[in-house]
Every structure is written in C-alpha cells, then in structure tokens.
Amino acid sequence: MLHTGGMDSREAAKRTRAAANEGNCRGSPRDAGHHLHRRGSGCRGAGMSLLYFAYKTAGAFLTLPGIFVFVLAAAGFFFRSGKEKESPASVFLFAFSAFMYLLSIPCTAGILLKPLEGHFSCSLPAPPGRTVVLVLGGGMMDLGEERGWALGAESLQRFAAGVRAAEKLDCPLIYSGGLPGRTGEGEIRDAVSAAAADMKFRNMLLVEGRSRTTWENLEMSSRLLRELGSEDVVLVTSAYHLPRSAWTARAFLPDMRIHPFPSGVLSESSLLTMGLLPSESAFRQVSAAVREYLGLTAYRLRGAVSF
C-alpha cells in the first residue's frame, strides 16, 4: 500500500508539473493581458517614432536648404511633359536637386569630414621641451558699441581648449587671429583678455590680432614663438582645420615639434536615418570640408614656391 501510494504521489506531482508547463506555454489570462499591454506599448512606441520621423522630414524639406531640393524636384516634375518625359529642363532640375540634396545631408558631411578629422587624438600631448600653446582664431562677434567685440563661438571653443591645455602643461598661450578692416588689434586683445578673465586663466597670454588667414596666423605667430624660445608647440584649432594648420605650422616652424590638438570634431561616429535628411548645419559642414580641401591644396602649391 505504501509503495502504491508513493507511485500515486509521484504520478500526481508529475501531472502537476506538466500542467504548470502547459500553463506557462499557453500563458494565463493575466500573462496574456500583460503581453498584450506590452505589444500595445510597442505599437504606440513605433507610432511615435514614425510620427517623429515624419515631423523631422517635413521640417527638413520645408526649411533651408531642404526647401530648395523640394522646389527644384517639383519644378522638374512640372517640366516633365507627357510626350517629352526627359526634357532638358527637367533633367537639369532633377540633377541640380540631387546635387543640392547631397550637399545638404549629414551623411555627405561625415564622408568629407572623416579624412580631415580622423588622424588626430583628442588626448592632450605631453611635449618633452619648452612648450607654448598656440590657438588659431575662428571669428569674432560685434556685440554693439557698449559691449564691443567678443570671441565668436568657434573661437571661444578653441580658446577654451587652449586654456585647458596651457593650464595642464603650465605654459604660455598665444592667441592668433584678427579681423582687419572691421576691428583693430587692440579690440581683439581686449576680447581675448575678457575671455581669459572669465575662465580665470593666469598664465602668460600673448595676442596676435593682425592675421587674416591660417597662413598669416602661422607666419606672424612664428616670431612670437621664437621669442619665447619654444621647442614644442601645441597647436589648437578645430579638428577639420588641423590638417591645413599643422602642415602650415611645420612649414613655418621646421625647428620646432608640432603637436596638433583638436578643440572639437564635427563628424559623427554613426550616421543614422536622420543622416539622410537635409539640414542647415550639414550644409555648413560640407562647405567647411570643401573649403579645407581646397585650402590645403592651395597651401601646398604655395608652399612649393615659398619654402
């Protein structure tokens, strides 16, 4: 009897486990409701994503520069008549629309910027000799008669990176960049000094405020660097600008070691769906990249004659 009862108990336990497993596979009404709720949440999330993408797409093609792409493509369809589907006007408009589109998307900006920015490390170098940090300016802002001139956004970013480098290396800093024809060297010096005061920078600060181009930046700053007895130069500017700046620095300062140090990068590490939508920032980045490629070519041709 005891043996038979033991078998019944084991059989009952076995059936209980089987029923439990079957219930888990099928899912209880509560589980089913939970899964339905999760599925519904996923659908709502997908709907919100689609709505967000539609919103961003509409905004991209109804504002500059995307609206030019849209208008040119619409004009191409307008000139595409029934009998002459490939009229010269429509072909030109479609081609120009595609060209404007490619110039206005982050994907193109990333493709052009990666070769310019990808060669430089964002970690601060450790120069072995007497070091000076050289910051190349990137524009000024006129704040009116009462407030005067101030560093532009890109100049401020570069200067902030230069200040951090100079403080960490405990060395002097030179700011190079002017705006001849609009303001004098004194106003440039005041603007740089004001930014340094805001950042509580206490190291030696020299300002060269007459140069108009990257070539002149290095040409005029080279005299200050030699007066300071510099052996190593930490060159600070935007990453996309570093290839041309570093090449020019090595041309003007062959007796010094040049250490490029980017103040920031424009290219993104990943290009998602939004990388295919036109934007004003992408158009500016493409323009900056094209200008750098042309400038680097022109500087190398000029250097072949000058040095």
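Tutor: Let us begin with a term: a residue is buried if its relative accessible area is under 20%, exposed if the area is over 50%, and partly exposed in between (1.4 Å probe, protein chains only). The structure is a predicted model, in which local features need pLDDT of at least 70 and side-chain atom pairs count only at pLDDT 80 or more, while totals for chains, interfaces and linings use all residues. Residues are numbered from 1 along each chain as its sequence is written, and side-chain values use heavy atoms, with hydrogens and water left out.

Student: Thanks! How many salt bridges does the count come to?

Tutor: A salt bridge here is a side-chain nitrogen of Lys or Arg within 4 Å of a carboxyl oxygen of Asp or Glu. By this rule, the count comes to eight.

Student: What is the N to O distance between Arg 226 and Asp 255?

Tutor: These two side chains meet in a salt bridge, and the N to O distance is given for the pair. The value is 3.2 Å.

Student: How many residues apart in sequence are the parts that Arg 226 and Asp 255 tie together?

Tutor: Helices (H or I, at least four residues) and strands (E, at least two) are DSSP runs, numbered from the N terminus. Arg 226 belongs to helix α8 (residues 214-227), whereas Asp 255 is in the loop between α9 (242-252) and β7 (257-262), so the parts tied together are apart in sequence by 29 residues.

Student: Which residue forms a salt bridge with Asp 232?

Tutor: The closest N and O atoms of this pair are 2.7 Å apart, and the partner is Arg 257. Asp 232 lies in strand β6 (residues 232-237) and its partner in strand β7, so parts 25 residues apart in sequence are tied together.

Student: Where do Glu 280 and Arg 284 lie?

Tutor: Glu 280 and Arg 284 form a salt bridge, with the closest N and O atoms 3.4 Å apart. Both residues are exposed. They are four residues apart, about one turn of the helix, and that helix is α10 (residues 280-306).

Student: Which residues do salt bridges that share partners join into one network?

Tutor: Here the bridges are linked by shared partners. The network consists of Glu 185, Arg 189 and Arg 210.

Student: On to the rings: how many aromatic pairs are there?

Tutor: Rings of Phe, Tyr and Trp (its six-membered ring) pair if their centres lie within 6.5 Å; planes under 30 degrees apart count as stacked, over 60 as edge-to-face and the rest as tilted. By this rule, the number of aromatic pairs is six.

Student: Are the rings of Phe 159 and Tyr 175 stacked or edge-to-face?

Tutor: Phe 96, in another part of the chain, is partly exposed with a relative accessible area of 35%. For Phe 159 and Tyr 175, the ring centres are 6.1 Å apart and the planes meet at 80°, so this pair is edge-to-face.

Student: Is Phe 159 buried or exposed?

Tutor: Tyr 175 has a relative accessible area of 1%, so Tyr 175 is buried. Phe 159 has a relative accessible area of 0%, so Phe 159 is buried.

Student: Which charged residue has its end over the ring of Trp 215?

Tutor: A charge sits over a ring if NZ of Lys or CZ of Arg is within 6 Å of the ring centre and within 35 degrees of the ring normal. Trp 215 forms one aromatic cluster with Phe 252 and Tyr 299, and Arg 244 lies over the face of Tyr 299, at 5.1 Å from the ring centre. Over the ring of Trp 215, 4.1 Å from its centre, sits the charged end of Arg 302.

Student: Which peptide bond is cis?

Tutor: Most residues other than glycine have a negative phi, and most peptide bonds are trans. Pro 65 is placed in the loop between α2 (29-62) and α3 (66-78). The cis bond, with omega near 0°, runs from Leu 64 to Pro 65.

Student: What is phi of Lys 200 near?

Tutor: Lys 200 is in the loop between α7 (185-198) and β5 (205-208), and it counts as exposed at 58% relative accessibility. Its phi is positive although the residue is other than glycine, with a value near 60°.
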